[in-house]
Amino acid sequence: MTRAAVVGAGGAGAIHADAYSRLEELGVKLVGVCDVVPSKAKDLALKYGAKWYTDVNELLKDCRPDIVTVSTREHQHFEPVIAALEGGANVLCEKILAHKVDLARMMVETAEKRRLTLAVNYNYRHLPTVRWLAQELRSGRLGRARLITCNAHAFGWHHSIDILRYLTGSDPLSVSARLIEKEEERGYPWDYAGEMLYIPSRAATAAWTFPDDVQAVLSSTRGDLKDFVIHDITVVTDRARATIADMTTSNISGRLEVFGVVVPPEHPRCSLADAFHLSIRAVVESLQSGVPPPTSGWDGLAAMMMEAAVVESNASGGAVAVRPRIPP
Ligand SMILES: NC(=O)c1ccc[n+]([C@@H]2O[C@H](COP(=O)([O-])OP(=O)(O)OC[C@H]3O[C@@H](n4cnc5c(N)ncnc54)[C@H](O)[C@@H]3O)[C@@H](O)[C@H]2O)c1
């Protein structure tokens, strides 16, 4: 049996708890839920017949979980992640791994020292359309990528950084970025670290150079529409032009359009919860079969380094090298 626990019983934590509870065929059991707000821990735990806690160390001692989701807000990830690793559990941490690069590095190093898995929930790369596009690029069937453009809602900004890493299979060499930031338009209160953009507000643009002369452009802004487009992604290759359009909150997997060489299959509609479920299942399967998770702590740290470079480029007004700072 794989014993699972959730720390942080808010919006994301509720989806993790539900996902674990649906993985019975993999022998997964949700054994504990922890939140500093007792009613939140209790309500979520009781829904799935799990035990509830307000202190992560109590949960660890009592439940002995194999995997712990940490779904507190970014600036609250560090303590529970370290506690879980020190307590002998593998961790699936919500993105982004931390709000400061140094803290993320300590999390990754702790996992390595303890020989435990630290995974990060970059669930958008598990969407059927995104997966298909990455696989077609990887196989060469779609040709060689030349230009990737991605327009992201502010809440999808971090996922678009991971999607770039996924589609290119690489880390960028450099970035040139421009941010128009309005604190009051960010709409997501948190302990802003300064080195991470976190949620773009008015407008963010970043032009990346990847190895093999692949260019990518990310743009992002925050809107308030109910059913908003999270991403629009286009990849132009030497043989085709593939777009994932209309990745909305009601169908986050969007719609594939390909001009050239390959006819894409029909993909099922996906809710945001479906994207979590696909990602969490993949992490559990990787743990059970002893292979690295789809997005490891190192991947989470590399994504943060890309983001830190965006902020640095904006401040300096010039291009900033990224690749040399990315960990192995
Ligand atoms: N992957 C995705 O698509 C996706 C979507 C939404 C949110 N998220 C991520 O999920 C995380 C949580 O976001 P949310 O919207 O669910 O936040 P939230 O505020 O709804 O929930 C966070 C919960 O953590 C609890 N908490 C804080 N410190 C704690 C501690 N030390 N121990 C136990 N509980 C503690 C809070 O009381 C709260 O209930 C963030 O990192 C966010 O970026 C990811």
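Asp-246 is partly exposed, because 17 other C-beta atoms lie within 10 Å (a residue is buried with 20 or more other C-beta atoms within 10 Å of its own, exposed with 12 or fewer, and partly exposed in between, C-beta atoms being placed from the backbone). The model is predicted, so local features need pLDDT of at least 70 and side-chain atom pairs count only at pLDDT 80 or more, whereas totals for chains, interfaces and linings use all residues. Residues are numbered from 1 along each chain as its sequence is written.

Asp-246 lies in strand β12, where strands (E, at least two residues) and helices (H or I, at least four) are DSSP runs numbered from the N terminus. Asp-213, which is placed in the loop between β9 and β10, counts as exposed, with 10 C-beta neighbours inside 10 Å. The table sets out the phi values of these two residues, neither of which is a glycine.

| Residue | Phi |
|---|---|
| Asp-213 | near 60° |
| Asp-246 | about 55° |

A further backbone feature is the cis peptide bond that joins Lys-95 and Ile-96, with omega about -15°; Ile-96 lies in the loop between β5 and α5.

An open sheet of 8 strands runs in the order β13-β12-β11-β7-β10-β9-β8-β14, with mixed pairing (two strands pair if DSSP finds at least two bridges between them). Because β13 and β14 stand at the edges with a single partner strand each, one side of each is left without a neighbour in the sheet. Strands β9 (residues 203-210) and β10 (residues 214-221) pair in the antiparallel sense over 7 bridges, and Phe-210 stands opposite Val-214 in β10. Helix α7 (residues 157-168) packs on the sheet, touching β7, β9, β10 and β11, and its direction makes about 165° with that of β7. Here contact means C-beta atoms, placed from the backbone, within 7 Å, while axes are lines fitted to C-alpha atoms, for helices over the stretch in contact, with angles from 0 to 180 degrees between N-to-C directions.

The ligand is surrounded by 24 residues, the closest being Gly-8, Gly-10, Gly-11, Ala-12 and Glu-94 (near means a C-beta atom, placed from the backbone, within 6 Å). The largest share of this shell, 3 residues, comes from α1.

Overall, the protein chain has 9 helices and 14 strands, and of its 328 residues 50% count as buried.

Key:
Two residues are in contact if their C-beta atoms, placed from the backbone, lie within 7 Å.
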